[in-house]
Amino acid sequence: MSAFHALEALPAPLRRLTERIGALAGRNRLRVALVGGAVRDLLFGTPLAPDAELDVLVEGDGPAFAGLLALDLHGTLRKHAAFLTARVDWISPDGTPQHMDVATARTERYLAAGALPLVSPALLEQDLARRDFTINAMAIRLDPPYAGQLLDPFGGQKDLADRRLRVLHDRSFEDDPTRMFRAARFAARYNLTLDAGTFAQLVRALPALRRVSGTRIRHELALVAEERDPAASLVRLGVWGVFAAIHPALTPDATCLRLAGRMLSSAPPAPWQTAADPCLLVAYALLYGCPPDALPEAARRLGLSAPELRGVRKTLTALAGCTAELAAQLASPAPRLSALYALIASLPPEGLCLLAATAGESARNLMACALERGRSMPLSGGDVLALGVPSGIACGQILRCLCTAWIDGLAGDREALVALARRHAAALAAPAGAAQLRGLHPGRLPCTKKDTV
């Protein structure tokens, strides 16, 4: 598709927006171009959503042009002076919040591998020359009379057509090792293959990942987790040796990465995905199988906090018991979902996802049943207290007993649970009730089918 026809193929709201940007550039005699993912997707033939984010490149003062845009769109402006960029936020006519990044065309200079660059203003073509891959070094002019003109000095459009991913410079990965994550994302998203020279440069630059902070690595993992098919990117990163270069103990199994990726992209979400942090789920998959003595440093290299590390430790310790319980319940002619729920309900959401990713389909179905049943428990601790049960151990034990009856189907509705709770409350109020409570196993009150309604 030609660049001119690509602009014509934009959804109507975006087409009007680019025309508005072009008109403003024309009035101020500025060279302005559309860059980034929108150009890449348009030339690849991928339709853009009507509210897709656009990146605009200005030859001159980008933040000043962004200020004019903010006035024209009745929006707000946020400047990032160190990088000669700005962001414009506004509300579209249909009430949708939108934003646009506006950058000054610039060159970059890296003082050290993995460090943030020093920037200075430049021409549009010079800005394209500093980019990572040929498919990202394309721009479509918006300023009249050149609106629709494609700037493609490195053959990015042909590389897209040939399904090839190619870096622009010999030191591209050394200058910014996080480009390895972008390479995996683009290769997976567009089904591209790294050309031989690009792959050789990536392998040569792997040691530079040691100088990239855990915060930046976590950010890149979060972007991978947002991909439509995260597994495809994760497996590529594993095969290329990226994870092992971040820390030698990060050698995840490809099957686990594929399954974890599917957990991220499954729709509708499974019960174990509720409240899971996609980036943290990727970290759990990477740390699965990590030796205990290497776990703290490996987790730090992935940007995990101390509380998150504690969650990982707890999960990895509990997984063996959870896996054994799943196997036992699957082998039982009458599975007790309450026993399974008691184990897995205490796992963090990411731990549940990891357990589901490493379990078979039958085990996942059993997990789903236990979680759905346990989370639908219609009685709360407040309801038990309202029956006159004192707060503390008595209330907790009765509530666990009720939960067991509910999950295992021994109490079919809320009324049955209330009746069961009343009987337990009355038993505890009897003269021998306190002694009975002290003699109980700390897990739950006695609860059998005979005792239930």
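This is a predicted model: local features need pLDDT of at least 70, side-chain atom pairs count only at pLDDT 80 or more; totals for chains, interfaces and linings use all residues.
**View 1. A salt bridge joins Glu-125 and Arg-31.** The side chains of these two residues meet at 2.9 Å, N to O. Within the model as a whole, the count comes to 25 salt bridges.

**View 2. The open sheet has 7 strands.** Their order is S3-S4-S5-S2-S1-S8-S9, and the pairing is mixed. Strand S3 (76-80) and strand S9 (150-151) are the edge strands, each pairing on one side only. Strand S1 (residues 31-35) pairs with strand S2 (residues 54-59) in the antiparallel sense, over 5 bridges. S2 and S5 also pair over 5 bridges, but in the parallel sense. S4 and S5 run antiparallel and are joined by 7 bridges. In a regular strand, side chains alternate between the two faces of the sheet.

**View 3. Strand S5 is mostly covered.** Of the 8 residues in S5, 6 are buried. Two bridge partners in this strand can be picked out. Asp-101 in S5 is the bridge partner of Asp-55, and His-99 in S5 is the bridge partner of Asp-89. Thr-104, which lies 40 residues from Ala-64 in sequence, is 9.4 Å from Ala-64 in space, C-alpha to C-alpha. Ala-64 has its place in helix H4 (residues 62-72). Ala-64 counts as partly exposed because its relative accessibility is 38%.

**View 4. Strands S4 and S5 form a hairpin.** There are 5 residues between the two strands, and Gly-95 takes a positive phi near 90°. Asp-94 is placed in the loop between strand S4 (85-91) and strand S5 (97-104). With a relative accessible area of 62%, Asp-94 is exposed.

**View 5. Four acidic residues gather in a patch of negative charge on the surface.** The residues of the patch are Asp-51, Glu-53, Asp-94 and Asp-101. Asp-94 comes from the S4-S5 loop, whereas Asp-101 is the bridge partner of Asp-55 in S5.

**View 6. A salt bridge joins Glu-174 and Arg-204.** The two side chains meet at 3.4 Å, N to O. Glu-174 is buried because its relative accessible area is 11%, under the limit of 20%. Arg-204 is partly exposed, with a relative accessible area of 49%.

**View 7. A salt bridge joins Asp-176 and Arg-216.** The side chains of the pair meet at 3.3 Å, N to O. Asp-176 sits in the loop between H7 and helix H8 (179-190), and Arg-216 in helix H10 (residues 214-225); the pair links distant parts of the chain, 40 residues apart. The relative accessible area of Asp-176 is 9%, so this residue is buried. Arg-216 counts as partly exposed at 24% relative accessibility. Elsewhere, salt bridges that share partners join Lys-158, Asp-159, Asp-162, Arg-164 and Arg-166 into one network.

**View 8. Helix H3 is mostly covered.** In this helix (residues 37-44), 6 of the 8 residues are buried. Which residues of H3 are buried? The buried residues are Ala-38, Val-39, Arg-40, Asp-41, Leu-42 and Leu-43. An α-helix has 3.6 residues a turn, so residues three or four places apart point the same way. Just after H3, Gly-45 takes a positive phi of about 90°.

Terms used: Residues are numbered from 1 along each chain as its sequence is written. Side-chain values use heavy atoms; hydrogens and water are left out. Patches are made of residues with over 30% relative accessible area and no salt bridge: like charges are joined within 9 Å, nonpolar side chains (Val, Leu, Ile, Met, Phe, Trp, Tyr) within 5 Å. Accessible areas come from the Shrake-Rupley method with a 1.4 Å probe; for residues, only the protein chains shown count as cover. Lys and Arg count as positive and Asp and Glu as negative; His and the chain ends are not counted. The place of a charge is taken as NZ of Lys, CZ of Arg, CG of Asp or CD of Glu. Helices (H or I, at least four residues) and strands (E, at least two) are DSSP runs, numbered from the N terminus. Buried means under 20% relative accessible area, exposed over 50%, partly exposed in between (1.4 Å probe, protein chains only). Two strands pair if DSSP finds at least two bridges between them.
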